[in-house]
Amino acid sequence: MKRLHPLLAGLTCALVLLGSLSASAAERKPFDPAVFAAAQAASTPILVEISAPWCPTCKAQKPIIDALAAQPETKALVIFEVDFDTQKPVVRSFNAQSQSTLIAFRGKTETARSVGDTNPASIAALVKSSLAR
């Protein structure tokens with residue numbers, strides 16, 4: 001049996017580890033109505049993140065959401081990203097008035113909503129509301 005070069009073996013090991021870490025993280029997806037409806041029908045915990053690239057509050061929320069998404073207890077969470085500027089019909093469908101809006105769902109039930117929140121504890125509570133059964 002042929003042995004791998006040590007550098008290649010190390011790289012292979014790192015890629016396997018990286019793959020297993022991402023499998024335990026929440027999934028981020030661009031908003032798609034059909035995928036969102038399927039997630040709701042499956043009673044999936046959902047976070048809708050309505051943001052804009054120019055928004056400083058959204059930029060402050062993103063690392064908080066990413067940190068929460070990386071936790072093992074949120075691995076079932078699906079985060080749907082909605083662009084406030086280019087997806088106006090979607091923004092209206094959620095009755096959102098501004099960017100930096102976070103909406104948590106457990107299936108078809110909205111469990112929490114916040115606008116302009118950058119407090120890690122309250123964003124964690126919002127996400128947790130979607131995970132509770």
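Me: How many helices and strands does the chain have?
Reply: Five helices and five strands, in a model that is predicted. Starting at the N terminus, the elements go α-β-α-β-α-β-α-β-β-α.

Me: And how much of the chain is buried?
Reply: Of its 133 residues, 37% are buried. The chain exposes about 7,800 Å², with carbon and sulfur atoms supplying 64% of that area.

Me: OK, switching to H5. What span should that helix have?
Reply: H5 holds twelve residues, 120–131, so at 1.5 Å a residue it should span 16 Å. Its end C-alpha atoms are 17 Å apart, which agrees.

Me: Which residues of H5 are buried?
Reply: Ile123, Leu126, Val127 and Ser130. They sit on the same side of H5, because they cover an arc of only 90° around the axis.

Me: What do those buried residues pack against?
Reply: Four elements: strands S2 (45–51), S4 (101–106) and S5 (109–115), plus helix H3 (56–69). On the face turned away from the buried side you'll find the exposed residues Ala121 and Lys128.

Me: Which contact is there at the start of H5?
Reply: A side-chain oxygen of Asn119 comes to within 2.7 Å of the backbone nitrogen of Ala121.

Me: Why does Ser130 count as buried?
Reply: Its relative accessibility is 0%, and buried means under 20%, so Ser130 qualifies.

Me: Which backbone oxygen does the Ser130 side chain reach?
Reply: That of Val127, at 2.7 Å. Leaving aside residues up to four places away in sequence, Ser130 also touches Pro45, Ile46, Leu77, Ala104, Phe105, Arg106 and Thr111.

Me: New topic: how many aromatic pairs does the structure hold?
Reply: Seven. One of them is Phe31 with Phe94: the ring centres are 5.6 Å apart and the planes are at 85°, so this pair is edge-to-face. Phe31 is in the loop between strand S1 (27–30) and helix H2 (33–41), while Phe94 is in the loop between helix H4 (88–93) and S4, so the pair ties together parts 63 residues apart in sequence.

Me: Are those two buried or exposed?
Reply: Phe31 counts as buried at 13% relative accessibility, and Phe94 counts as buried at 7%.

Me: How are the rings of Phe36 and Phe105 placed?
Reply: Their centres are 5.6 Å apart and their planes are at 80°, so that pair is edge-to-face. Phe36 belongs to helix H2 and Phe105 to strand S4, so the pair ties together parts 69 residues apart in sequence. Both Phe36 and Phe105 are buried.

Me: Which residues form the aromatic cluster?
Reply: Phe31, Phe36, Phe80, Phe94 and Phe105 form one cluster.

Technical notes: Residues numbered from 1 in each chain as written. Predicted model: local features only at pLDDT ≥ 70, side-chain atom pairs only at ≥ 80, totals over all residues. Heavy atoms only, no water. Helix = DSSP H or I, 4+ residues; strand = E, 2+ residues; numbered from the N terminus. Expected span 1.5 Å × (residues − 1). Buried < 20%, exposed > 50% of the residue type's maximum accessible area, 1.4 Å probe, protein only. Arc of directions from axis to C-beta. Contact = heavy atoms within 4.5 Å. Polar contact = N/O pair within 3.5 Å; in protein donor to acceptor, adjacent residues only side chain to side chain. Areas by Shrake-Rupley, 256 points an atom, 1.4 Å probe, with all protein chains shown as cover. Phe/Tyr/Trp six-rings, centres within 6.5 Å; stacked < 30°, edge-to-face > 60°.
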